[in-house]
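Student: I would like to know how the terms used for a model like this are decided. Could we go through them one by one?

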Amino acid sequence: MTLPAAGRSQAGSIPSVPSYQRLCQVILAVAIVGGPLAFVVGGVLAPSIHDTGQSSIAANAAANPIANAVHLAAFVLASYLLPIGAIGLARLAYRRTPWLATIGGLLAVVGWLPFSALAALDDLTSTMAHLPNSASYAQLLDRFSTDAVMGTYLLVYVVGHLVAYVLLGVALRRGRVIPRWAAWSMIASSPLTIAAFVLPGSPRATGAVALTLLVLGSLPPARTTLLNHR
């Protein structure tokens, strides 16, 4: 009698994979969805978005401390998960659309790396808001947030990740890795995010819609990552 080969699944069962590969799949799947989801939470709870130093400090001073702490924690979590999630998306698309996957993945990773500095800027604003004579730091905050270093971080962040999600959405659709609606949700999130940057004031509704589309578009690739046994 011949015994079944090690690792071979029984009929109708889910193929087994090595534990290290399974761990990698779980981490990538969590990052693909968790990164955008943490970004949504942080953005919704942020006391100020695209405001002047004076307005940002005042908003942080008046904000609920718990909500503001959650906002900062969500942004810190997102700064780790988003680059990993981008690698996961590129990995899914690479087999059938290697060029689009490679370019999109690199742009996404490079575009998300400056998000840590932007999250730190929010933390700095919160700290300033709770110091004596906090209003006196407004000019310093304006200068710091618009200097060459932070300006470069912001430019790389905006251009890198927004172009990347268009390319990754196209790559995943061309490779038939995710449904059409998910690919278009991912792609559409970029122009809506640009609108949130360009529109005057703090268009939270536009930004929230853009990020929600990104979360929804990320669900199918996260599921595929978990179920992919290759």
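The dialogue below sets values against definitions.

Tutor: This is a predicted model, in which local features need pLDDT of at least 70 and side-chain atom pairs count only at pLDDT 80 or more, while totals for chains, interfaces and linings use all residues. Residues are numbered from 1 along each chain as its sequence is written, and side-chain values use heavy atoms, with hydrogens and water left out.

Student: How many helices and strands does the chain have, and how do you know?

Tutor: The chain has nine helices and zero strands. Both are DSSP runs numbered from the N terminus: helices are H or I with at least four residues, strands are E with at least two. Along the sequence the pattern reads α-α-α-α-α-α-α-α-α. The C-alpha trace spans about 85 × 30 × 30 Å along its principal axes.

Student: What makes the pairing of the Asn60 and Asn68 side chains a polar contact?

Tutor: A polar contact is a pair of N or O atoms within 3.5 Å; within protein, one must be able to donate a hydrogen and the other to accept it, and residues adjacent in sequence count only if both atoms are side-chain atoms. The Asn60 and Asn68 side chains make such a contact at 3.0 Å. The side chain of Ser126 also makes a polar contact with the side chain of Asn68, at 3.5 Å.

Student: Which residues is Ser126 in contact with, leaving aside neighbours within four places in sequence?

Tutor: Contact means heavy atoms within 4.5 Å. With those neighbours left aside, Ser126 is in contact with Asn60, Asn68 and Leu72.

Student: What is noted about the phi of Asn133?

Tutor: Most residues other than glycine have a negative phi. Asn133 is not a glycine, yet its phi is positive, about 55°. Asn133 sits in the loop between α5 (115–129) and α6 (138–145). Asn133 has 64% relative accessibility and is therefore exposed.

Student: Where is Arg176, and why is it called buried or exposed?

Tutor: Arg176 lies in the loop between α7 (148–174) and α8 (180–198). Its relative accessible area is 70%, so Arg176 is exposed. Arg176 also has a positive phi, near 55°.

Student: What makes a space a pocket?

Tutor: On a 1 Å grid over the protein atoms alone, a pocket is an open set of points with protein on both sides within 12 Å along at least five of seven lines, where lining residues have an atom within 4 Å of a point. The largest pocket holds about 1000 Å³, the volume being the space filled by probe spheres set on points joined across faces, edges and corners.

Student: How many residues line the largest pocket, and which lie nearest its centre?

Tutor: The lining has 46 residues, with Ser48, Ile49, His50, Asp122 and Phe197 nearest the centre.

How values were computed:
Buried means under 20% relative accessible area, exposed over 50%, partly exposed in between (1.4 Å probe, protein chains only). On a 1 Å grid over the protein atoms alone, a cavity is a set of points where a 1.4 Å probe fits but cannot get out, and a pocket is an open set with protein on both sides within 12 Å along at least five of seven lines; lining residues have an atom within 4 Å of a point.
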